[in-house]
Amino acid sequence: LQATEHGEQAAFVKWCKLMEPQIPELALLFATAEGVKAGVPDLFLPVCVSYEARGLFIEMKRPGGPKPTKEQSWWHERLHKEEFEVEVCYGFEEAKTAILKYLGEKL
């Protein structure tokens with residue numbers, strides 16, 4: 001059975017919820033409204049870790065999934081210009097690594 005983007009994202013959000021007691025910043029993670037604007041990343045963590053990193057957007061893909069679309073790439077570029085970090089994560093494990101790295105937690 002092949003993993004789905006939705007399943008990977010759901011597992012990641014569940015893990016974040018479980019980790020909130022150890023990493024309270026994870027309580028701020030939320031999913032963006034799917035389909036409202038084409039290309040907007042799936043998840044956002046509104047935690048500023050530096051002047052150059054005002055929050056983390058995560059675009060979830062299933063493991064082995066497609067590269068970001070033209071619309072997604074446009075959003076990623078614009079968000080970077082506004083001092084947000086953007087990570088494209090192919091599955092739960094990549095998303096977990098990205099958020100821990102962003103927050104400076106030990107892996």
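## Handedness and the helix pair

A crossing is called right-handed if the near helix is turned clockwise from the far one by less than a right angle, and left-handed if anticlockwise. In this predicted model, helix 1 and helix 3 cross in the right-handed sense.

The contact draws on Glu8, Ala11, Phe12, Trp15 and Cys16 from helix 1. Helix 3 contributes Phe92, Ala95, Lys96, Ile99 and Leu100. By class, eight of these residues are nonpolar, two are charged and none is polar.

## Angle and distance

Two packed helices are described by the angle between their axes and the distance between the axes. For helix 1 and helix 3, the angle is about 40° and the axes lie 9 Å apart. Angles under 35 degrees count as roughly parallel, and 65 to 115 as roughly perpendicular. Helix 1 and helix 3 are therefore oblique to each other.

Four strands make up an open sheet, ordered 1-2-3-4, with mixed pairing. Strand 1 (30-31) and strand 4 (85-90) are the edges, each pairing on one side only.

Strand 1 and strand 2 (residues 43-45) run antiparallel and are joined by two bridges. Phenylalanine 30 has phenylalanine 44 of strand 2 as its bridge partner.

## Helices on the sheet

Helix 1 (residues 5-19) lies across strand 1, strand 2 and strand 3 (56-61). Its direction makes an angle of about 140° with strand 3.

Helix 3 (residues 92-103) lies across strand 2, strand 3 and strand 4. Helix 3 runs at about 155° to strand 4.

Technical notes: Residues are numbered from 1 along each chain as its sequence is written. This is a predicted model: local features need pLDDT of at least 70, side-chain atom pairs count only at pLDDT 80 or more; totals for chains, interfaces and linings use all residues. Side-chain values use heavy atoms; hydrogens and water are left out. Two strands pair if DSSP finds at least two bridges between them. Contact means heavy atoms within 4.5 Å. Axes are lines fitted to C-alpha atoms, for helices over the stretch in contact, and angles run from 0 to 180 degrees between N-to-C directions. Angles under 35 degrees count as roughly parallel, over 145 as roughly antiparallel, 65 to 115 as roughly perpendicular and the rest as oblique. Ala, Val, Leu, Ile, Met, Phe, Trp, Tyr, Cys and Pro count as nonpolar, Asp, Glu, Lys and Arg as charged, and the others, Gly among them, as polar.
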